[in-house]
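Here are my notes on this one, as promised.

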Amino acid sequence: MRDHRPSLLPPWLTWALALALLGNGASSQAEPSYYLVTVYDGAGEMNVDFRYWTVDPQRGRTRVWPEIGLGYGVTRRWYTELFVSYVGERPENVRTESVNWQNDLLLTEGQYPFDLALHSNLALNKGPGSGRLLEFGPALQTEFGRTQVNTNLFWERSLQTERASRTQLKYQWQVAQHWRPGLHPGWMGFGELGPWDDFSPRRQQSHRQGPMVKGSLALGSGQELRYHLGYLIGKAYGSKANMLTLRLQYVF
């Protein structure tokens, strides 16, 4: 994360492309933030990425979202990943929901007390309401002694052109303690605020938070298993619901 070599893709160019795409938008409803986007250095690393989360509403049926992807650290500043997202009421009857292309560009590398990245994810939805969906925004990470703090703010917009749209705004945050090797407990929160320029009424917003734990296990020969687990309580889709979020990465 502290290397000052230039990126193969200038950050300003990626930002400009994202803004150009945004101009083609249509309607959109913000999805829950299923996992925390982090700023990290993984140059030359490839990983098999498995994500799994559930939304258990107070009223209604539980929904599960497994994802599987392949990621690669192109440079110390650029991480890219292709992954497929599934959705269903039970793990055994999920259907394909979207194909996604994620890119994270590190904009700062040690010149400030924090690290700043630009996150983007382009989703091609396959199910009902199919179309393209763009998510992008800043991901911030800093440390206070052994405490790591992440704060992310993302905009989300449909790229369909059939009808007018409103860009949605959502956030993520996490505070984690580097307690011992392979075990970092903490607290995290996700939320959706509604249209970015005119927030939804409080009762229609979604906010949830809860305990989390993350860490890694060295497997030898440059291989590693990373994990992130959290359980959040609050609201999703504007209704009371609890959420389980799990991410496993096999790095090689």
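1. Start with Pro 211, which lies in strand β10. This is a predicted model, so read every distance here as a property of the prediction. Pro 211 is partly exposed because its relative accessibility is 42%, between the 20% and 50% cut-offs. Setting aside neighbours within four places in sequence, Pro 211 is in contact with Gly 186 and Trp 187, and also with Leu 229, Gly 230 and Tyr 231. Trp 187 is 24 residues away from Pro 211 in sequence, yet the two C-alpha atoms are 4.5 Å apart.

2. Ser 206 is in strand β10 as well. Is Ser 206 buried or exposed? It is buried, because a relative accessible area of 2% falls under the 20% cut-off. Beyond four places in sequence, the contacts of Ser 206 include Phe 190, Gly 191 and Glu 192, along with Lys 235, Ala 236, Tyr 237 and Gly 238. Gly 194 is 12 residues from Ser 206 in sequence, with 8.8 Å between their C-alpha atoms.

3. Move on to the loop between β10 and β11, where you will find Ser 221. Its phi is near 55 degrees, a positive value in a residue other than glycine. Ser 221 counts as exposed because its relative accessible area, 78%, is over the 50% cut-off.

4. Now for His 184, placed in strand β9, which covers residues 184–195. With 15% relative accessibility, under the 20% cut-off, His 184 is therefore buried. Which residues does His 184 touch beyond its neighbours within four places in sequence? They are Gln 177, His 178 and Trp 179 in one stretch of numbering, and Met 212, Val 213, Lys 214 and Gly 215 in another.

5. Lys 214 and Gly 215 turn up again at the second largest pocket, where they lie nearest its centre together with Thr 38, Tyr 40 and Arg 226. The lining has 23 residues, and the space comes to about 540 Å³. Which elements give two or more residues to that lining? They are β10 (206–220), β11 (223–236) and β12 (239–251).

6. Tyr 40 also features at the largest cavity, among the residues nearest its centre, with Arg 77, Trp 78, Tyr 79 and Asp 104. This cavity holds about 110 Å³ of space and is lined by 15 residues. Two elements are listed as giving two or more residues to the lining, β3 (78–87) and β4 (95–106); β4 gives the most, with 3 residues. A search of the whole structure finds 3 cavities of 30 Å³ or more.

7. On to the rings. The structure has 3 aromatic pairs. Tyr 112 is partly exposed because its relative accessibility is 46%, between the 20% and 50% cut-offs. The 31% relative accessible area of Phe 114 falls in that range too, so Phe 114 is also partly exposed.

8. Arg 51 has its charged end over the ring of Phe 83, 4.3 Å from the ring centre. In the other case, the charged end of Arg 180 sits over the ring of Trp 179, at 4.1 Å from the centre.

9. For the overall picture, the protein has 1 helix and 12 strands. Of the 252 residues, 46% are buried. Counting contacts between residues at least 6 apart in sequence, 55% join residues at least 24 apart.

10. A last word on confidence. The average pLDDT is 85, and 84% of the residues score at least 70. Where does pLDDT stay under 50? That happens over residues 1–30, for which the model has 78 contacts beyond four places in sequence. Low pLDDT means the predicted coordinates should not be read in detail.

Notes:
Residues are numbered from 1 along each chain as its sequence is written. This is a predicted model: local features need pLDDT of at least 70, side-chain atom pairs count only at pLDDT 80 or more; totals for chains, interfaces and linings use all residues. Side-chain values use heavy atoms; hydrogens and water are left out. pLDDT is the predictor's confidence in each residue, from 0 to 100. Contact means heavy atoms within 4.5 Å. Rings of Phe, Tyr and Trp (its six-membered ring) pair if their centres lie within 6.5 Å; planes under 30 degrees apart count as stacked, over 60 as edge-to-face and the rest as tilted. Buried means under 20% relative accessible area, exposed over 50%, partly exposed in between (1.4 Å probe, protein chains only). A charge sits over a ring if NZ of Lys or CZ of Arg is within 6 Å of the ring centre and within 35 degrees of the ring normal. On a 1 Å grid over the protein atoms alone, a cavity is a set of points where a 1.4 Å probe fits but cannot get out, and a pocket is an open set with protein on both sides within 12 Å along at least five of seven lines; lining residues have an atom within 4 Å of a point. Grid points are joined across faces, edges and corners, and a volume is the space filled by probe spheres set on the points. Helices (H or I, at least four residues) and strands (E, at least two) are DSSP runs, numbered from the N terminus.
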